[in-house]
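Visitor: I have just been handed a structure that is new to me, and I would like to be walked through it. Could we look at it together?

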Amino acid sequence: MRIIDIHTHAFPDNVAEKAIPLLEEEGKIKAKLDGKISSLLSSMDKHGIEKSVICSIATKPTQYNPILKWSKEINSERIIPFPSFHQDDPFVFERIEEIKKEGFKGIKLHPYYQKFVVDEEKMMKIYDKICKENLILVLHTGFDFAFERVKIADPEKIMNVKRVFPNLKLITTHLGAWEDWDNVEKYMIGKEVYMEISFSLEFLEKERAKRMILAHPSDYILFGTDSPWTDQGETLNLFKKLKLPSELEEKILYLNAEKLLFQKDN
Ligand SMILES: [Zn+2]
């Protein structure tokens, strides 16, 4: 069985040594790996994961260049980096063009770490540009365990974005929106919006997670783990325990992501 993990994190080795303990403290969570690419690759080997998308997050404008440089270095058959920019970067539109020109498939943005509201005006202009460049956007959605529970990335706001940009290749995280699953069911399930499943199966009752997945368009669910904040193998086990029809399993684990990432028109 072929597997693509659409949502992981890693850092340059020297950054990982500092960043992981800091993020562990902020999020009150223990990482399962040390945040280095080599560790992610061994985890992928161990659990039969063919490719992982690495989501970077620029928490300030100056992080754009180092993130882009590193993303180019690590780009490989198995590692698919999604660079990031900060929304307050004065060159934000040029950044999006550059990311596309460099051949990257997508971008990662995180409303809590970067401090924006997903449907605010400034962001709409950014999504418009991302859409025009035909890039994928992995957007953290729902609450975040490291932050106070303010509603800046909830299902209603996500759908406001989708209404304006129906063609935006938007991937929402954590089965639509972390710990806001009542609203996911109310506003998102059944709509053509991508969701990856990281950090949801650990929190949702198995039958409910299964019901939500089965009620969503089968092309729009993706496998993601948020490694190193979860163990790729554990997420995979939880996913397999749902006992979804095997055709759907295959779509979620590989085919949907493959189509998004490697479609010819991209
Ligand atoms: Zn993440």
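**A first look**

Visitor: What share of the residues in the protein chain count as buried?

Guide: This is a predicted model, and of the 266 residues in its protein chain, 45% count as buried.

Visitor: And how many helices and strands are there?

Guide: The protein chain holds eleven helices and eight strands.

Visitor: What radius of gyration does the chain have, and what would a compact globule have?

Guide: The protein chain has 17 Å, which agrees with the value near 18 Å that a compact globule of 266 residues would have. Along its principal axes, the C-alpha trace spans about 45 × 40 × 40 Å.

Visitor: How much of the contacts comes from residues 24 or more positions apart?

Guide: Such pairs account for 78% of the contacts in the protein chain, counting those with a separation of 6 or more.

Visitor: Switching to helix α8, which of its residues are buried?

Guide: Helix α8 covers residues 181-188, and W181, V184, Y187 and M188 are buried there. These residues lie on the same side of α8, because the arc they cover around the axis is only 130 degrees.

Visitor: Why do residues three or four places apart point the same way?

Guide: An α-helix has 3.6 residues a turn, so residues with that spacing of three or four places point the same way.

Visitor: What about the face of α8 turned away from the buried side?

Guide: That face carries D182 and K186, which are exposed, while the cover over the buried residues of α8 includes α7, residues 155-164.

Visitor: Which residue takes a positive phi just after α8?

Guide: That is G190, with a positive phi of about 95 degrees.

Notes
Residues are numbered from 1 along each chain as its sequence is written. This is a predicted model: local features need pLDDT of at least 70, side-chain atom pairs count only at pLDDT 80 or more; totals for chains, interfaces and linings use all residues. Helices (H or I, at least four residues) and strands (E, at least two) are DSSP runs, numbered from the N terminus. The radius of gyration is taken over C-alpha atoms; the globule rule is 2.2 Å times the number of residues to the power 0.38. A residue is buried if 20 or more other C-beta atoms lie within 10 Å of its own, exposed if 12 or fewer, and partly exposed in between; C-beta atoms are placed from the backbone. Two residues are in contact if their C-beta atoms, placed from the backbone, lie within 7 Å. The arc is that of the directions from the helix axis to the C-beta atoms.
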